[in-house]
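Student: I have a protein model open and would like to learn how to read it. Could you take me through some features one by one?

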Amino acid sequence: RFSQVIDKDIEDCDLLIVIGTSLSVMPVAGIPQWVSRTCPRLLLNREKVGNFGHVQRTSTKEGGEAFYTRDVIVQGDCDDGVQQLCHLLGWNDALEEAYSFASKRHFRDQL
């Protein structure tokens, strides 16, 4: 299925969020490089991986050069990064519901 949908998903991607990975197993490890150069990328991870944080050079309208990165890197525990993101987006209640549902399902599956 991956190979059937990845091209369209990459084409449609307007924000890439990568959470908790070493980016060492292909083909998934290549996804951050496959998205458009203008697509913002968010990495929530204990360490910087892949080419996240790479500085890009572009030309300005005035004929000069500008440097930028499209990446935001939040280093630390993934759960903490997800909580920060949900807080910023006003999704605290939805996150709590998801945690509650997951913990109830895990408990039920342990019986």
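Tutor: Gladly! Let us begin with paired strands: two strands pair if DSSP finds at least two bridges between them. Helices (H or I, at least four residues) and strands (E, at least two) are DSSP runs, numbered from the N terminus. One word on the source: this is a predicted model, where local features need pLDDT of at least 70 and side-chain atom pairs count only at pLDDT 80 or more, while totals for chains, interfaces and linings use all residues. Residues are numbered from 1 along each chain as its sequence is written, and side-chain values use heavy atoms, with hydrogens and water left out.

Student: How many bridges join β3 to β4?

Tutor: Four bridges join β3 (residues 56-59) and β4 (residues 65-68), and the two strands run antiparallel. Arg 57 stands opposite Phe 67 in β4, and Thr 58 faces Ala 66 there. The two strands form a hairpin with five residues between them, and Gly 63 in that turn has a positive phi of about 90°.

Student: What should I know about phi and peptide bonds?

Tutor: Most residues other than glycine have a negative phi, and most peptide bonds are trans. In this model, Leu 23 is not a glycine, yet its phi is positive, near 50°. Leu 23 sits in the loop between β1 and α2. Pro 27 is in the loop between β1 and α2 too, and a cis peptide bond with omega of about 10° joins Met 26 to Pro 27.

Student: Is Leu 23 buried or exposed?

Tutor: Buried means under 20% relative accessible area, exposed over 50%, and partly exposed in between (1.4 Å probe, protein chains only). Leu 23 has 16% relative accessibility, so Leu 23 counts as buried. Arg 41, in strand β2 (residues 41-45), is buried as well because its relative accessibility is 2%.

Student: How do I find empty space?

Tutor: Rolling a probe the size of a water molecule over the atoms shows where empty space is left. On a 1 Å grid over the protein atoms alone, a cavity is a set of points where a 1.4 Å probe fits but cannot get out, and a pocket is an open set with protein on both sides within 12 Å along at least five of seven lines; lining residues have an atom within 4 Å of a point. Val 18 and Leu 23 are among the residues lining the largest pocket. β1 gives the most to that lining, with three residues.
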